[in-house]
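I opened this notebook to keep track of what I looked up, entry by entry. The structure comes before the entries.

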Amino acid sequence: MLEKELKFIEDSIQFKDCKKLKVSKATVGWHLDHSLKVLNSVLFAIKDSDPKLYKKKFNSLRFITFILGKFPRGKAKSPKRVLPPEIIETVAIKTQLEEVRSNLKFMDELEENQFFDHPYFNHLNKKQTIKFFGMHTNHHLKIIKEILK
């Protein structure tokens, strides 16, 4: 899961200071750091969740977004805990990348209704979380690719 995306992140670290205002106000490093922070924070949340507390509830925004398979640009605000610092260090990106690789190993061991509580989509179970990982990560990788064009 996410091997190709994580390899792209690793290969893009060297361009962390690149920026193209027509594409994004943020640097490549910001998108890398944010993507990794999201992955790690969700992995910790889902691992620590109690599947008995999972609430399956229809969410129209989630439904539409998951059907489309992508996020619209510039429409959502990220929670503060997943915002990159003012200065993004290469070593911090590399450390987070290794943490993600290590933390992803336990995904297979999770119960189907272990979940994380997304600020817009509500509870996402294991299957939905895996889909979210791909959509969110690829959203930011697409922006990085456009910056680097």
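Is Asn125 buried or exposed?

**Entry 1: Asn125.** I found that Asn125 is buried, with a relative accessible area of 14%, where buried means under 20% relative accessible area, exposed means over 50%, and partly exposed lies in between, with a 1.4 Å probe and protein chains only. I noted that the model is predicted, that local features need pLDDT of at least 70 and side-chain atom pairs count only at pLDDT 80 or more, while totals for chains, interfaces and linings use all residues. I also noted that residues are numbered from 1 along each chain as its sequence is written, and that side-chain values use heavy atoms, with hydrogens and water left out. Asn125 belongs to strand 2 (residues 122-125); helices (H or I, at least four residues) and strands (E, at least two) are DSSP runs, numbered from the N terminus. Leaving aside residues up to four places away in sequence, I listed Ile46, Tyr54, Glu112, Asn113, Gln114 and Phe115 as what Asn125 touches, a contact being heavy atoms within 4.5 Å.

**Entry 2: salt bridges.** In one of them Lys126 pairs with Glu112, at 3.8 Å from N to O. Lys126 lies in helix 5 (residues 126-148) and Glu112 in the loop between helix 4 and strand 1 (115-118), so this pair ties together parts that are 14 residues apart in sequence. Lys126 is buried, at 10% relative accessible area.

Next I looked at Asp11 and Lys7, whose side chains form a salt bridge of 2.9 Å, N to O. Both lie in helix 1, 4 residues apart, about one turn of the helix. An α-helix has 3.6 residues a turn, so residues three or four places apart point the same way. Asp11 is partly exposed at 36% relative accessibility, and Lys7 is partly exposed at 42%.

I then checked Arg101 and Glu98, which form a salt bridge with their closest N and O atoms 3.2 Å apart; both are in helix 4 (residues 90-103), 3 residues apart. I wrote down that Glu10, Glu98 and Arg101 are linked in a network of salt bridges.

**Entry 3: helix 1 against helix 2.** How do the axes of helix 1 and helix 2 cross, and at what angle? The axes of helix 1 (residues 3-12) and helix 2 (residues 28-47) come within 10 Å and cross at roughly 145°, axes being lines fitted to C-alpha atoms, for helices over the stretch in contact, with angles from 0 to 180 degrees between N-to-C directions. The contact is made by Leu6, Ile9 and Ser12 of helix 1 together with Val28, Leu32, Leu36 and Leu39 of helix 2. I sorted these residues into 6 nonpolar, 1 polar and no charged, counting Ala, Val, Leu, Ile, Met, Phe, Trp, Tyr, Cys and Pro as nonpolar, Asp, Glu, Lys and Arg as charged, and the others, Gly among them, as polar. Helix 2 is mostly covered, with 14 of its 20 residues buried.

**Entry 4: helix 1 against helix 5.** I found helix 1 and helix 5 packed at an angle of about 35°, with their axes 11 Å apart. Glu5, Phe8, Ile9 and Ser12 of helix 1 make the contact with Thr137, Asn138, Leu141, Ile144 and Lys145 of helix 5, and these residues divide into 4 nonpolar, 3 polar and 2 charged.

Note on methods:
Salt bridge = Lys/Arg side-chain N within 4 Å of Asp/Glu carboxyl O.
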